[in-house]
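The sequence and coordinates are shown here.

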Amino acid sequence: MTRETTAKSEEYATPVETIRAARDTVAALRSTDGGFVVSCRESGIRPAPVTDARFDTHADAQRACDAAHRYRDAMRTLDPSLSRYDLVVSPIDETALEVASVRELTDRRRANGLPASRRTVTLAGTGSDEWLRVENGPVVHFTGPDSLLDDEVIARQLRSKLDEKRG
């Protein structure tokens, strides 16, 4: 083995070991019906290695969260474009949010001559009054850094986007 090959192997040995150790930690802590998950604070996404993982205690979930941070940092050394998430521990929310997205062709044409389509996204919670439908419009962020945004803030955001298109 040449010195150059040895240097390359050593360069990747640490991230690979970190990735394996983090996966092992998460696997050892996970349970089938635990009450806690590790997810992105803002989007709720549960990326690898904690995807679909549940944990019995907050402490176990926090250890898994720490392992996931190490895992994702090590993966980022191999793939700098890996998505970044602000991972936190949270209790499982049994009120699941359903998302349905439909794209339909229309009879219209875009300015460039390509066929236009209409996209409708519907978000629904468990209650009969918990739904939102957006058609051909931007979906806004409904949570701020510390809490849910109130209706007035969301309405103002939607109005500003509509005013931009009119003006």
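Asp60 is buried, at a relative accessible area of 15%. The model is a predicted one, and in it the side chain of Asp60 forms a salt bridge with that of Arg63, with an N to O distance of 2.4 Å. Arg63 is partly exposed, with a relative accessible area of 43%. Both residues belong to helix H2, where they sit three residues apart, about one turn of the helix.

Asp73 and Arg76 also meet through their side chains in a salt bridge, at 3.3 Å from N to O. They are three residues apart in helix H2, so about one helical turn separates them. Here Asp73 is partly exposed, with a relative accessible area of 47%, while Arg76 counts as buried at 11%.

Across the whole structure, three salt bridges are found. One of them joins the side chains of Asp86 and Arg41, at 2.8 Å from N to O. Asp86 lies in the loop between H2 and S4, and Arg41 in the loop between strand S2 (36-40) and strand S3 (54-55), so this pair ties together parts 45 residues apart in sequence. Asp86 is partly exposed at 38% relative accessibility, and Arg41 is partly exposed at 45%.

Side chains of opposite charge can pair when their charged atoms come close.

## Nonpolar core

The largest nonpolar core has 17 residues, and Val26, Val38, Val50, Phe55 and Ala64 touch the most other members. Helix H1 (3-29), helix H2 (58-78) and strand S4 (87-91) each contribute at least two residues to this core. H2 gives the largest share, seven residues. In soluble globular proteins, nonpolar side chains tend to be buried together.

## Cysteines

Cys40 is buried, at 9% relative accessibility, and Cys65 is buried with a relative accessible area of 2%. The count of disulfides, for sulfur atoms within 2.5 Å, is zero.

## Strand S6

Arg118 is located in strand S6 (residues 115-124) and is partly exposed, with a relative accessible area of 29%. Its C-alpha atom is 7.2 Å from that of Glu135, which is 17 residues away along the chain.

## Overall make-up

The protein contains three helices and seven strands, in the sequence order α-β-β-β-α-β-β-β-β-α. Of its 167 residues, 24% are buried. Among contacts with a separation of 6 or more, 43% are between residues 24 or more positions apart. The accessible surface is about 12100 Å², and carbon and sulfur atoms account for 51% of it.

Key
Residues numbered from 1 in each chain as written. Predicted model: local features only at pLDDT ≥ 70, side-chain atom pairs only at ≥ 80, totals over all residues. Heavy atoms only, no water. Core = buried A, V, L, I, M, F, W, Y, C linked by side-chain atoms within 4.5 Å. Buried < 20%, exposed > 50% of the residue type's maximum accessible area, 1.4 Å probe, protein only. Helix = DSSP H or I, 4+ residues; strand = E, 2+ residues; numbered from the N terminus. Contact = heavy atoms within 4.5 Å. Areas by Shrake-Rupley, 256 points an atom, 1.4 Å probe, with all protein chains shown as cover. Salt bridge = Lys/Arg side-chain N within 4 Å of Asp/Glu carboxyl O.
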